[in-house]
Structures are given as C-alpha cells and as structure tokens.
Amino acid sequence: MTHLSLSDVHDVAYTCLTANGCDHENATAVADTVTLAERDGAAGHGLFRIPGYITALKSGKVDGHVRTTIEHVTPSMLRADGHGGFAPLALATARDPLVAATRTQGIAMAGLVRVHHFAALWVEIEALTSAGLVAFACTAYMPTVVPAGGTEPIYGTNPLAFGWPRGDQPPMVFDMATAAMARGEVMVAARDGHPVPEGVGLDKDGNPTTDAQAIVDGGQLLPFGGYKGSGIAMMVELLAAGVIGERFSFEAGDADNKDGGPPRGGEFLLAIDPSKMGGDDWLDHGEKFFARYLRIDGTRLPGTRRMSHRAANEANGVDVNDDLLAKISDLTTGAT
Ligand code: NDP
Ligand code: PYC
C-alpha cells in the first residue's frame, strides 16, 4: 500500500484523465468524485475506477470534452443531456437548475441522459441535501444481476440512494446497490483475495458461491432480499431508463463496446423541498425520529460509517493498492 493525501489522490486521477483526453472541466469533475470516494472509504468507486474511465476514453466511447445541456421539459422536469460524457460533470451542471426548480415547484426531477456513470450515488445526494432538500437518485448499468426465479441477468447492479438534510449535522444518506453487493466491492474483494457473504452471487455454472473471483469470472450477482430486491431493481430500470427515455441495462449492455468502461445510460434524480408541506418544524420533526431510532440498541444511521472514514481520511490521507497506482501511472505515462 502507498499512503496518499487526498490532494495527491486528486492529482493522480486528474493527471491520468487529462493525459488520456479529458479537458480540465471533465477531468476535475471525475477526479473530484473519485477523491470523495477515497475520502469516504468507498474504495470500489475511488481510484480503482480510473482504469475503467481511461479505457472508455481510449476506445472513444466517452468524450472527455463535452458540456452538459439543460432543457426545462416542464417547470418541474429537467433533462440534463451529457452528450456522451462522464456523469460527474452532468451532475454538477444539473445541480443548481434542479435546486431552483425544486424551490419554486416544491418537487422536481432531473433525467440525466447520455451519460456514463461509474460512481457512488451519495455524491449527488449530498449536493442536494446541502441545499436543504430531500433527495432520491437511481441509475441502471449493464446486465449483471439475475432477477428472482431466473438464471439470466437483466438488471444492472442498479443503485438507489435517499438523503435527508439535518441542518448543521451530516445528512442521513442511505445508498445501496439493489444487487446484494455492488460489483465494485466484489471486484475489490476478488483483487484482495477475500470471500463475499453467501447470497451475493453465482459462479459461471450458476452455483451459489462465496468466491469473489468466481463471481467476477463469468458469474452473476443476485438481487438483495430475493424477490423484494428484484422488484426494486425493476423499479430502478423503469425510473432511470423508462421515465427519462434512456437505455435499460439490457439495452446498454447490447450497445456497449465491452471495453470495461461505464456504458451509456441515464440517471433519475428527484428533489423535494420538505419546508413546503412538512411544516416550519420539519427539521426538528425529522430529528425527533432519528433520536427515537438511535435509542434502540444496536442501531446506527446509514452514512455513519462513511462519515467516520471521512473524518479519519481527511486528517490522515488514505492507503492505496500499489498495483493499482502502478497501473494508473502506466496509463498516464503511456498515454498517446
Ligand atoms: P453497502 O451495502 O455497503 O451500504 C448500503 C447502505 O447501507 C449505506 O448507506 C450504508 O451506510 C448503510 N448501512 C450499512 N450497514 C448499516 C447498518 N448496520 N445500519 C444502518 N445502515 C447501514 O453498499 P453497496 O455495496 O450496496 O453499494 C456501495 C456503493 O456502490 C454505493 O455508493 C452505490 O451508489 C455504488 N454503486 C454504484 C453503481 C453505479 O452504477 N454507479 C452500481 C452499484 C453500486 P454506510 O456507508 O455508512 O455503511
Ligand atoms: O459497483 O456495481 C458497481 C458499479 C457499476 C457501475 C459503477 N459501479
């Protein structure tokens, strides 16, 4: 492992991205997202993703020079067209128009289309909770998850995230793959030689396995919670593709060039202003709920683990896998 400050992490990511065809704005947006993941202990969506981002630039699947355009479809529905770029710049561009629409309408949504998403969702959720809004996001991917009762994947790992603002305290943010485990976490477990819990995936012959490498090598993931998670994964497909006019995971998989980088897809973002119906005391009312919840022994709020990583990593920096850093260095120096 090599110890890096968060500023070093950003430099490593930014330099590699600009060397491989991203302009300053796109490289900054992706490097910011990658650095936030390392900061919060989300290794599966930090520097680990840089080789995939670079592969997509090199194959021409992703354009590192595009700008997102915003269209007001109705006063409460925005279309943020990423024009084939990475999602972080589209998210940064959509944020202020979505906040403004939510303030006037009470509730608003943004459909991000023609973007390539390879990151954790709490980043965009926190961008909205910091404006005092309740937020929900979900995105589809490529077929990697088998639906309940089936043997063939149709869902992506299809994460969804929900955030509730808490004034001066960190927001409550719940962010989960609808697969039993994010593929990124399974890949990190495979790289580090760790098993995954039962119920996470199947090997290439369809047998249940705890061998992370066997899942990565041609196996499949399972939805969390059996048919219930399978239904929620379906909801994600219908919101993040059906509602906004983007590709379902199976369509993204069919169209993808299989270069290992993120496929083209969409993201569904919803924001709600709780002050409109929740009453003047909506914030205190929410706190009352959290206080009651936390009185139950054994509980913690979702996001607490991330916040403790954040505090430690902001102070001390992070350890990064040496092979990964060598690979990123090769991609930077070997760029043509
Ligand atoms: P986890 O299963 O690790 O965590 C899911 C949520 O549960 C987190 O908010 C976590 O908070 C919370 N949580 C965990 N344990 C407890 C507990 N004991 N009590 C209360 N809350 C708890 O996440 P996943 O592996 O499912 O997903 C990891 C990431 O991968 C997500 O950020 C997701 O957005 C991303 N992802 C992105 C995809 C994409 O296509 N872009 C696809 C799939 C996943 P805490 O973090 O504090 O532990
Ligand atoms: O971890 O499953 C995952 C994932 C897919 C796309 C980005 N992350």
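The domain bounds come from an automatic or database domain assignment.

The model is predicted, so local features need pLDDT of at least 70 and side-chain atom pairs count only at pLDDT 80 or more, while totals for chains, interfaces and linings use all residues. Residues are numbered from 1 along each chain as its sequence is written, chains are lettered from A and ligands numbered from 1 in the order in which they are written, and side-chain values use heavy atoms, with hydrogens and water left out.

The C-alpha centres of the two domains lie 22 Å apart. In all, 29 residues of domain 1 are in contact with 25 residues of domain 2, contact meaning heavy atoms within 4.5 Å.

The second largest pocket holds about 330 Å³ of space. A pocket here is an open set of points on a 1 Å grid over the protein atoms alone, where a 1.4 Å probe fits, with protein on both sides within 12 Å along at least five of seven lines; lining residues have an atom within 4 Å of a point. Grid points are joined across faces, edges and corners, and the volume is the space filled by probe spheres set on the points. Of the 20 lining residues, Leu91, Ala92, Val123, Glu124 and Ala127 lie nearest the centre. Helices H2 (24–39), H4 (87–105) and H5 (122–129) each give two or more residues to this lining, and H5 gives the most, with six. Helices (H or I, at least four residues) and strands (E, at least two) are DSSP runs, numbered from the N terminus. The lining divides into 13 nonpolar, two polar and five charged residues.

Turning to the sheet, seven strands form an open, mixed arrangement in the order S2-S3-S4-S11-S5-S6-S7, where pairing requires at least two DSSP bridges between two strands. Strands S2 (69–74) and S7 (169–176) each have a single partner strand, so one side of each is left without a neighbour in the sheet. Neighbouring strands are turned by 15 degrees against each other on average, direction ignored. S4 and S11 pair in the antiparallel sense over eight bridges, with Ala108 opposite Ala271 in S11. On S5 (residues 134–139), which is joined to S11 by six bridges and runs antiparallel to it, Ala135 also stands opposite Ala271.

Definitions and conventions. Nonpolar A, V, L, I, M, F, W, Y, C, P; charged D, E, K, R; others polar. Axes fitted to C-alpha atoms, helices over the stretch in contact; angles between N-to-C directions.
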